Amino acid sequence: MEMPIAESQINKRRLSLSLYMNYLIHGFGIIILAQNMVALGGTWQVPIKTVSFVISGIGIGRLVAYLITGTLADMLSRKLFVFIGMACYLIFALGMVTTHSIPVAYGLAILAGIANSALDAGTYTTLVEMNDGKGYDTILIKGFVSIGEFILPLIVAALSANNLWFGWSFIVMAVLTIANMVNMSTVKFPKIQRVTLRHHQQTISQSKKSLRKIFATILLLGYGYTSMAVMIWFTQWITLFAQKSLGYGNLTAHTLLSLYSVGSIIGVITLFILLKRNINEMTLLISLNLVAVIALLIILIEGNNINLVSIASLVFGFSAAGGIMQTGLTVFMNLYPHHRGMVTGAFYFFGSIASFTVPLITGVLSTHSIQLAFAGDLAVALSGTVLMVVLALLNVKEKINNGTN
């Protein structure tokens, strides 16, 4: 039995709010270990390199879970996977401030990665199905992630400035998760839009005939890696880079990450408006990736100019973290419109490889210098730009061929 229209609209708003709230909490989860690296290292009595290794566990969790959760979310309940994600984040937040064991901490980091993959599997598909197949609402996910990434560094800086226990930042994350679980428990999810086995087989058969489609798939999977890596790289190292290499104070260094988050929020709003007005997605993908490269160059070259670095951090957030990864996923979904769960899982599976490898790569680079660890982000940003340029050229060739046939 369907709900009355008014009740349905209220349910939709509450569901949307809870889904987005999960990503504000996820914004905490992405950077909470990196923002507390020094404090955690002191508590565990290990060097920063070991804390960076623990952070890599998040990527392991994503690697293990993404392809599984993406496929199962198409078969089972979206709500189930959203709740699994919330429960995993709750255990992660409470566990990290009560353990002194590196193996246990690594296990909790893996659990955070599983939380991320479960939330994505249940959320992206739900938002698309709530809006009759339109995906622009998924851009707002990044906006709420950015709000979380903006708030958390301020909490961490405030705790440090007042000599308060760093673990309160984890407790805030846990309280928000519990409150959202209470609201989520009473809302209804839309029915899953299932695809028949026969249609699935026909789609696979058709895709095998298109080498261009396969090449585009490879490019988009590569972009799943670079678009995630460029953000993780920046959020993990900008604060330490500003402190150790540029000589900035603690508050100023943390503020750079908050400016990145502000830029990300502005980018989400801008991208949401542009996509609703049907601006070409490939144009946005190329132009914003180029802007991100330029912003990183400015931070690396003009480090003595605090004002310029601050502006560049904001611009980098606008371009690299304003929903451009989700735009890449939308392009991927359009390539395989009947397999949203699997496509989401595959795209973020490669993003999870970035979550695992970036802390390891940067941990090694940091043994040489913090500047080198941060500068590696430029190479990743350039790689992502090249991938999107090639994909755009592939699309142009496809259109030319379609026009001549």
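Me: What kind of model am I looking at, and how are residues numbered?
Reply: It's a predicted model, where local features need pLDDT of at least 70 and side-chain atom pairs count only at pLDDT 80 or more, while totals for chains, interfaces and linings use all residues. Side-chain values use heavy atoms, with hydrogens and water left out, and residues are numbered along each chain as its sequence is written, from 1.

Me: Which residues touch the most other members of the largest nonpolar core?
Reply: A nonpolar core here is a set of buried Ala, Val, Leu, Ile, Met, Phe, Trp, Tyr and Cys residues joined through side-chain atoms within 4.5 Å. The largest one has 116 residues, and the members touching the most others are Leu33, Phe92, Met96, Phe316 and Leu391.

Me: And which helix gives this core its largest share?
Reply: Helices are DSSP runs (H or I, at least four residues), numbered from the N terminus, and strands are E runs of at least two. The largest share of the core is 17 residues, from residues 211-244, which is helix H10.

Me: What does Phe92 touch?
Reply: Contact means heavy atoms within 4.5 Å. Skip neighbours within four places in sequence, and Phe92 is in contact with Ile32, Leu33, Leu108, Ala109, Leu111, Ala112 and Met173.

Me: Which side chains make polar contacts with the side chain of Asp120?
Reply: A polar contact is a pair of N or O atoms within 3.5 Å; within protein, one must be able to donate a hydrogen and the other to accept it, and residues adjacent in sequence count only if both atoms are side-chain atoms. The side chain of Asp120 makes one at 2.5 Å and another at 2.4 Å. Their partners are, in that order, the side chains of Tyr23 and Tyr66.

Me: How many aromatic pairs are there?
Reply: Rings of Phe, Tyr and Trp (its six-membered ring) pair if their centres lie within 6.5 Å; planes under 30 degrees apart are stacked, over 60 edge-to-face and the rest tilted. By that rule, the number of aromatic pairs is 19.

Me: What type of pair do Tyr23 and Tyr124 make?
Reply: The ring centres of Tyr23 and Tyr124 are 6.5 Å apart and the planes stand at 80°, so the pair is edge-to-face.
It links distant parts of the chain, 101 residues apart: Tyr23 is in helix H1 (residues 5-35) and Tyr124 in helix H6. At 2% relative accessibility, Tyr124 counts as buried. To come back to the type, it's edge-to-face.

Me: Ile306: buried, exposed or partly exposed?
Reply: Ile306 is found in helix H13 (residues 306-320) and touches Tyr248 and Thr252, leaving out residues up to four places away in sequence. Its relative accessibility is 39%, so Ile306 counts as partly exposed.

Methods: Buried < 20%, exposed > 50% of the residue type's maximum accessible area, 1.4 Å probe, protein only.
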